[in-house]
Amino acid sequence: MRVLLYPYLPLRGPLSLPLCGLSFHFQCGSHIPTSDFESNQIYWCLHCLHETFPFSGIPDNDLDIFYDNLDNINNNLSVDEVNNYFESINPDGNITSYLTTNEYFNFDKFDTLYKSCDHPLSVFHLNCRSLPANYSEISNFFETLESRFDIITFSETFLTDNIELGPLSFAGYTSPFCDFRDSMKPRGGTAIYVRNELDVTERSDIKIIGPENKWIQVNHPHSNKPLIVGCIYRSQQVDTSNFISNLDSTLHTLADKNYDVIVTGDINIDLYGNNANTINSLDYLAALSSNGFTQLIDKPTRITPFSRTLIDHISTNIKSSLCHHGVFLHEIGTSDNLSTFILLSDYNTYFKPESSKTSYDFSQFNKNNFIDSLNNPDLWTYKSLNVPSTDRFNCFYKDFQNICSHNLPTKIITKKDLPKKPWLTASLLTAIKRKGYLYTKSVSNPSEYNLTAYKKYRNLLTSLLRAAEKQYYSKEFEKNKSSIKKTWRTINSVLHRGKNLSHPKKTSLH
């Protein structure tokens, strides 16, 4: 009896002398119909080959049978019907049936989707290739959107621990949670911004050895089950095999604790087209799937006239039928990577209702009624109290608040109420959308004319945005030149100083 040890890798020659004239594969126990073995021959287990390659058992005349049945197919099928047919035979449908279609988005298409999701929990990622250099372009991008992301993640920020983060703040968000790049490296780093309405904890105990990565925990106000969000930047200098092994270990730990997890980042493992079948790509996807994670993005995230790659990923273990995800087909600053996002409609309960920001609604303010209320003695109860002065003042303050509340109602602050760049006119916002349209055209049809038209428009728009900002601040300095206080206020505005940044309340070490 001869025994073959490997399931489908070649084995040169038998390992034992023939005793009974039969050959068996040790792993599967199947009989190998091979008579005379020679030491210089390569042998395969055909049974294991059939198990490994799912189409090995299809007869050779399968295509002939298909073409013979073409007459039974309706020749008037629409494109959508054809797409639906092929989607219905997706071999992975049983695994990813809960996922919605992955698409490219522009500003209007995304805002429409966001509104249809009823205030979803939203996560955004961009490899920004230097956050300081592209901060203005990124801010313009967010200003153009009507919607507002809850969590913003950046990879390849180029941030070091000696950079002032105040000038890189976004209104309504916490100070960034950063994994700074090594000062000896020219690039790298990650950062995560979180809306102030979310209760967030820094998870410094979660760390993948090798790449830059940062992790946070979003705490649910009414549940003990948190949401973990991570951002990873793996440069090509980080060994792929070691990274996959370390990622697998980290995800396994998080899955064991039953956390809901979203992982964003530039992984530098291409999953587009045939590149998804390389050893590294398959090992990476296996590490995800073995821990219950699915990589959502399936469109190229880095597009050049010569190549298309999918290296920016969003992976999650959340199985939700209300999950939407996609890629923004819009170039931001000098980054040659496209931004990605995920929306979770059934995860909006992570917001803290009591932390919603409010302000007085002066659109309904009536000055005369307010003065009449102040002059009404019946509304001032503190005068009739015979108590110490401190208590009388507290009562006075309460009376005054009641008068203000009666005459000046409050409203919840939305994105429209947040501070905006005053030089970003409606025309400039429309021009930013126009730039996105031209970029889409240059990608879908990269002719020399379309590429030239996009680059000229992009450069012109960049010059106009810089000129508009410069003109605005020039007028502000001229207007306030007689007041040193207002001049310094303008200087701090230019440098983004003095902003009330929200910092994490605590750091978790589990």
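The model is predicted: local features need pLDDT of at least 70, side-chain atom pairs count only at pLDDT 80 or more, and totals for chains, interfaces and linings use all residues. Residues are numbered from 1 along each chain as its sequence is written, and side-chain values use heavy atoms, with hydrogens and water left out.

Start with helix H6, residues 131-144. Helices are DSSP runs of H or I with at least four residues, strands are E runs of at least two, and both are numbered from the N terminus. H6 has 14 residues, which should span 20 Å at 1.5 Å a residue. The expected span is 1.5 Å times one less than the number of residues. The end C-alpha atoms of H6 lie 18 Å apart, which agrees.

H6 has a kink of about 30°, centred on Glu137. The bend at a residue is the angle between axes fitted to the seven residues ending there and the seven starting there.

How many of the 14 residues of H6 are buried? The count is 11, so the helix is largely enclosed by the rest of the structure. Buried means under 20% relative accessible area, exposed means over 50%, and partly exposed lies in between (1.4 Å probe, protein chains only). Glu137 is among the buried residues, as are Tyr135, Phe141 and Phe142.

Now look at the N-terminal end of H6. Ser130 caps it, with a side-chain oxygen 3.2 Å from the backbone nitrogen of Ala133. Arg129 sits in the loop between strand S7 (121-127) and H6. Its phi is near 50°, a positive value in a residue other than glycine. Arg129 counts as partly exposed because its relative accessibility is 25%.

Phe158 also has a positive phi, about 65°, although it is not a glycine. Phe158 lies in the loop between strand S8 (151-155) and strand S9 (177-179).

Move on to helix H7 (residues 240-256), which contains Thr240. Thr240 counts as buried because its relative accessibility is 16%. Its side chain makes a polar contact of 3.4 Å with that of Arg234. Such a contact is a pair of N or O atoms within 3.5 Å; within protein, one must be able to donate a hydrogen and the other to accept it, and residues adjacent in sequence count only if both atoms are side-chain atoms.
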